[in-house]
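User: I have a model open and want to go through a few spots in it. Can you start with how the elements are named?

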Amino acid sequence: MIEIKFFGRFEQIISSKLKRKWGIGFLSPVTVFLLSVQTVFGIQTDQPRNKQYIKTEVGAGDFKLFSKGLAADIVVKGTKEEYVGVIRAAHDLQKDVNRVTGTTPNLKTDISALSKHTIIIGTIGKSSIIDKLILDDKIDVSGIKGQWESFVIQVVNNPVPGVEKGLVIAGSDKRGTIYGIYDVSEKIGVSPWYYWADVPPKKKSTIAIRQGIYKQGPPSVQYRGIFINDEFNLVKWSYNTFGEKKFLGPEAHKTIFELLLRLKANYLWPGMHRCTTDFNTYQDNPRLADEYGIIMGTSHCEPMMRSVIVESPGVDRGIDVYDEQKRGPYDYTVNKEGVHRYFDENAIKLGKYENTWTLGIRGLDDEPMSNIKNENKVKLLSSVIDDQRDIINKRVNILHNKDVLQVFCPYKEVLDIYNEGLNVPEDVCLLWPDDNHGYLRQVLTPEEQKRSGGGGVYYHLSVWNGIGSFLWLDSTSPGLIWSEMNKAYQRNMKRMWIVNVGDIKPAEVNMEFFLSMAYDADKWNENNISDFYRNFAEREFEPEYGKEIADILCSYYQLAEAQRPEFSHGSHFSHSLYGDEAMKRIQAYESLINRAEKIYKVLPVEQKDAFYQLVLYKVKAAGLYTKAMIYEDRSYEYQRQGRVRSIPEMSKLSKKAFADVKNETEFYNKTMSNGKWNYIMNPWYDDIKIPKIEDTVNPNNFWSQYSEPKLMIITEKDENLDFSGYTQNKRFIDIVNTGGGKLAWKAKADENWIKLSKTSGVAFADERIWVDIDWSTAPKGVYTKSINFNAGYESKTVTLTISNPETPKREDIDGYVEAHGYIAIEAENFYAKHANSGCEWKNIPFLGRSGSSVSLLPSTAESITTEIDSKSPYLEYKIYFEKAGKRPLDVYRIPTWNLNIGTRLAISLDNNKPTIIGNPKGMPANKSARTRIEIVNTVIDVPNPGYHTLKIYMVDPSVAIDRIVIGNYEHSYFGPPESYNSNKK
């Protein structure tokens, strides 16, 4: 959505009509003429990465924004000819130039006595300066004029008398101009997060603008914003910072409004919990939102701009509290007049502002309507919506001389009511919610896509609910965000995207990614997701560290995608399978923490606070909390095994890790940024908490019944160890002292080609050794060998099974090979793929628990349930099977939903008829939201040993696959590691 014209080179792409742009099914001829004559989708082509219109040296024809200690003047008309929000943003640009250069430019309201190079700001049709430049053909507003939130930045020679060069920032409307202003601010070196993440400005001694034209807009999604929710910490920070007796008042909201505009967002659902004073209680809140240019709305459970929450002791909830003693029950079936009046009063009060109006009704405190059957709820909701629309028409539309946007969000049980036949007027925007965990429950059907109201998405980066709350750390995978929002965009859900960001912090990075997709959805695809994180890192920190910081962030999100840190409590990871899943998890976090700390140490001191809050805290807190929970769980595992002397050490490590979490959080609040963010970071809310170690740590202190050392051997899988020449795997053995004193032990293998990491030692509690095979000298065939352990008068033997087949040779394997009784396949490592019916399987990075996943693009493809083998796109996996016979097959599926059609796929071996598996109703099990995987099963019959081809076909386009495991294997959280293969990408 960017158009650049430098040195006379002009590139332009004309859009389709606006009805395709924002998913609006019908527009009047006048609206089409005004809005869709020439929509610009500009692109930065043939430009190096991050090529911008900003330069740090002056060349021929360039505009001098700051040169030789002098800053260009800024001119913007006064309030009679310009929006207050534009004037305010111009003052921000004045401050931003000072932040970068140390010099404050003059800001003027008329064109007399300006500097030779001057920044000229104005809105088309509002500013006389801009309109005169258009009339004189001095600026090019083609594709911008009449559009929604679009702007042009152009260097103009002799724009007004006395000015040699002008940098013109002209917007199609109020926000278009504001976005143009903030675009310049960001490009010269002021991050949108300069306040909310303390990112320091990038200092410059010279700032120039290339001669040419730069255009942006209109945005991909019309309404783009955030929902401040579960704002327990935010209100404490706000009160502490601004001293407003009623929480989240105008001073706090000013910073939020500015942040949204700098991110090219335009929409806000304000905080609404019992801890928060209602947004509209402060008369300045809605007024300032309107002046700044922020469109206000309310969430799914707050109809008619009403925050329908009951009174909370100790908090002045404000004017929107529904007082049932005065108004009667909040129940439309018994108190229609009272509830109707409650809605009508608000429309009278707020109708003059730029708002969207949420329709429908739930119970108080975001609870379902009780004691009403669904068929009656359909009638009730229809009646409520009709009455609400009548209020809006009488109180709001008449003030704006147009129909304002109305929104219906079928959240939770309301979705069931909608699917049972609720008729929502076609000019109302259908705002589809995800399942609270990042998976869209439903998308627009082809028929719904024709609605003039369009469709949208209510998404969660933070949530409080019964299945599992994640309010603490920003832990949603970029791959999941892109995959689900791209699915929505392809389904014409372009009218509104709103994302629940909790307290805003620490969701900064993914919040911007979400809003960046909403602003320019075509910019991001499955091949460049990581580019956003690199661009972000290079903008905020030293560019030389951008790639490493981006990789740290994406690796953090990948670990969190496997299991959100908030869900770490309890027994999840195996301590005995597949090389000790639990310890591998700890080691992965420790490695990431080390990488992040290295960056923190080398960054300039002024960037350390920003890096800590945007990157390091999340990585350390997640890693430490995971470590605390795993060690706590390990203590119970050791109790089960009888490793009595090891239990206290595990409890000690658990408590230490948990204490470190507290210390890091204390540093975040009290020390980082000189305590600016005190109270905003707290995982232990008053109402909802992640488990504390003191609540869960193993309370048992065991003492051995033996005074002398006593030998116990515990092997991986608690059984004999198997080794394969294909996987060339390692196994561990724990030497455990269950008695007193110190255990001196020795170990010896039958063969020299059986390698031990250690052959003797002294164990107070336990010691781990690793067993490996020297495959270069190990004989071919299948062998049973042993390792003998001795400790004083005791001895133990561990049996080993070694398989080193003569054929096929490891280096000759073509595809995957069976070993240990199974084949574990990472879905993205296919042997071949075949597109069909206009659709194909593609790799989606950062999606799934183990790295990438495969999914269908475009997601708008039709389901295929007949003639699958000839019509469906499919993947091939070439596999060498050791034996013939039937084998179970598990598909580890990303737990996406699609209540419209289903989440099915089909499996076949070789040329057999495909078997459909999966859910025809498209609804995963509740636990899948926590585990991030749903396993669907079938059985395949291998007719003979040797090579065979597994094929996976599309049935429904909403399916994404993480991995496939064939055969009999020990189940664990992750399952077995990937089998040896020649396809690894």
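Analyst: Helices (H or I, at least four residues) and strands (E, at least two) are DSSP runs, numbered from the N terminus. This is a predicted model, where local features need pLDDT of at least 70 and side-chain atom pairs count only at pLDDT 80 or more, while totals for chains, interfaces and linings use all residues. Residues are numbered from 1 along each chain as its sequence is written, and side-chain values use heavy atoms, with hydrogens and water left out.

User: Which strand is S795 in?
Analyst: S795 belongs to strand β29, residues 794–804.

User: And what does S795 touch?
Analyst: Leaving aside residues up to four places away in sequence, S795 touches L711, F789 and N790. Contact means heavy atoms within 4.5 Å.

User: Switching to helices. At what angle do α3 and α5 cross?
Analyst: Helix α3 (residues 84–101) and helix α5 (residues 174–188) cross at roughly 5°, and their axes come within 9 Å. That makes α3 roughly parallel to α5, a label for angles under 35 degrees. Axes are lines fitted to C-alpha atoms, for helices over the stretch in contact, and angles run from 0 to 180 degrees between N-to-C directions.

User: What about the sheet with β3, what is its strand order?
Analyst: The order is β3-β11-β4-β5, an open sheet of four strands with antiparallel pairing. Strands β3 (54–55) and β5 (70–71) are at the edges with a single partner strand each, so one side of each has no neighbour in the sheet. Two strands pair if DSSP finds at least two bridges between them.

User: Which residue is opposite K55?
Analyst: A208 in β11.

Note on methods: Angles under 35 degrees count as roughly parallel, over 145 as roughly antiparallel, 65 to 115 as roughly perpendicular and the rest as oblique.
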